[in-house]
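This report describes a single protein chain, moving from individual residues to the overall form. Please read it alongside the sequence and the coordinates.

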Amino acid sequence: MKHRTFFWFILPSLAAMFFFIALPIVSVAVQSLFVEHEQIMTEVENCGPFKCETVLQVDNEATAALREEAPLGRFNGLGTYTNRKHLAFEQVGVAWNETETFGEFMSELINLPFYKALFFTLTYTAVVTPFVIFLGLGVALAVNTLPRAIKGPTIFVSLLPMIVTPLIGALILFWMVDADGIIGATLQRIFNDPNLSMKASTPLTWIMLIVYGIWSSTPFSFIVFYAGLQTVPKETLEAAKIDGASRWQAIRFVVVPYMMPLVVFITLMQLMDNFRVLEPIVAFQASAKATSLSWIIYNDLRGGDVQLFGSAGATSILTILGVAVLLTPVLIRTWRDFNQKRA
């Protein structure tokens, strides 16, 4: 393809990426350097039947004029990134100096809002992503061996979790694990404990969120792997069987290597998707026991009169950097494999 032809071919995609990805990221980065204006207070004299008192009162007109004059807020530089709600450099330094063991230091660190959310986000991503890949591949291999008559209905049922809206799916599971729900009531009967509640325990809450993540994401990997299985060369599989390979050996040495590009693709998608976990935390009302980076952004922006745009912007930039760090090893390996194939 000629350079000019290629330029006009890729221009719409570049324009869309610039306007809908690059510009919003730059806007968020700029907003993260500012904080909200402080309210302007004025002294007002209140006189009652017996005496007069001077009290401080918000000057709404002056505050509104200040916000209109500088809509971005008050410049704070990197102060938002280093405050207690985010990287908390001062608090981390104090914890490092005052704790004697690494375990104590980590315990203090996890009590800070950003690191608490980061710990859950990384745990959720690290557990859900491999489970989704292995379960998706396993279900695809199983469905691929079914008779044609029942293969269609099985595929439809397997895709149901992906069809359900994430928030609705999380609410359904939330009701099921309630004390009056089928799962919650069954567990109470099994353990003979009427006060047993999966919502009251932090570890059980994390398990519920992770189970939901696996349940809702596995259909995506399943359908991608199932489509990939239809392109595996049958001649190669038949040759492996003739050479005496068992079904497991054929899967391990023929199917899995052939599906590696899809494994890399699903890994990239799942890392990005799982790192922004939000819906199950909101639906499960689990913010007291589990918070994520996306939940911090959501919490900053849902405020009443004052929305913390600067704080939300700083968390957004840190989230983008976290996703970039997670994706870097996968992208480096993909680049190396590509160069080896070209060589």
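## Gln188 and its surroundings

The side chain of Gln188 reaches the backbone oxygen of Pro194 at 3.1 Å, a polar contact, that is, a pair of N or O atoms within 3.5 Å, where within protein one must be able to donate a hydrogen and the other to accept it, and residues adjacent in sequence count only if both atoms are side-chain atoms. This is a predicted model, in which local features need pLDDT of at least 70 and side-chain atom pairs count only at pLDDT 80 or more, while totals for chains, interfaces and linings use all residues. Residues are numbered from 1 along each chain as its sequence is written, and side-chain values use heavy atoms, with hydrogens and water left out.

Gln188 belongs to helix α10 (residues 182–191); helices (H or I, at least four residues) and strands (E, at least two) are DSSP runs numbered from the N terminus. Gln188 counts as buried because its relative accessible area is 16%, where buried means under 20%, exposed over 50% and partly exposed in between (1.4 Å probe, protein chains only). Leaving out residues up to four places away in sequence, Gln188 touches Ala179, Asp193, Pro194 and Leu196; contact means heavy atoms within 4.5 Å.

## Ser32

Ser32 sits in the loop between α1 and β1 (34–35). With a relative accessibility of 0%, Ser32 is buried. Its side chain reaches the backbone oxygen of Ala29 at 2.6 Å, and a polar contact of 2.7 Å links it to the side chain of Tyr81.

Beyond four places in sequence, Ser32 touches Gly77, Thr80, Tyr81, Gly310, Gly313, Ala314 and Ile317.

## Positive phi angles

Most residues other than glycine have a negative phi. Asn192 is not a glycine, yet has a positive phi of about 55°. Asn192 lies in the loop between α10 and α11 (202–229) and is exposed, at 69% relative accessible area.

Gln285, also a residue other than glycine, has a positive phi near 50°. The loop between α14 (279–283) and α15 (293–301) holds Gln285, which is exposed with a relative accessible area of 62%.

## Nonpolar surface patch

Leu14, Met17, Phe18, Phe19, Phe20, Ile21, Leu23, Ile25 and Ile320 form a nonpolar patch on the surface, with about 890 Å² of accessible area together. Patches are made of residues with over 30% relative accessible area and no salt bridge, like charges being joined within 9 Å and nonpolar side chains (Val, Leu, Ile, Met, Phe, Trp, Tyr) within 5 Å. A salt bridge is a side-chain nitrogen of Lys or Arg within 4 Å of a carboxyl oxygen of Asp or Glu. Accessible areas come from the Shrake-Rupley method with a 1.4 Å probe, and for residues only the protein chains shown count as cover.

Helix α1 (residues 3–31) supplies the largest share of the patch, eight residues. Leu23 is in helix α1 and is partly exposed, at 38% relative accessibility.

## Overall form

The protein has 16 helices and four strands. Its radius of gyration is 27 Å, whereas a compact globule of 343 residues would have a value near 20 Å; the radius is taken over C-alpha atoms, and the globule rule is 2.2 Å times the number of residues to the power 0.38. Along the principal axes, the C-alpha atoms fill a box of roughly 105 × 70 × 50 Å.

Of the 343 residues, 32% count as buried. The accessible surface comes to about 21,800 Å², and 66% of this belongs to carbon and sulfur atoms. Among contacts with a separation of 6 or more, 68% are between residues 24 or more positions apart.
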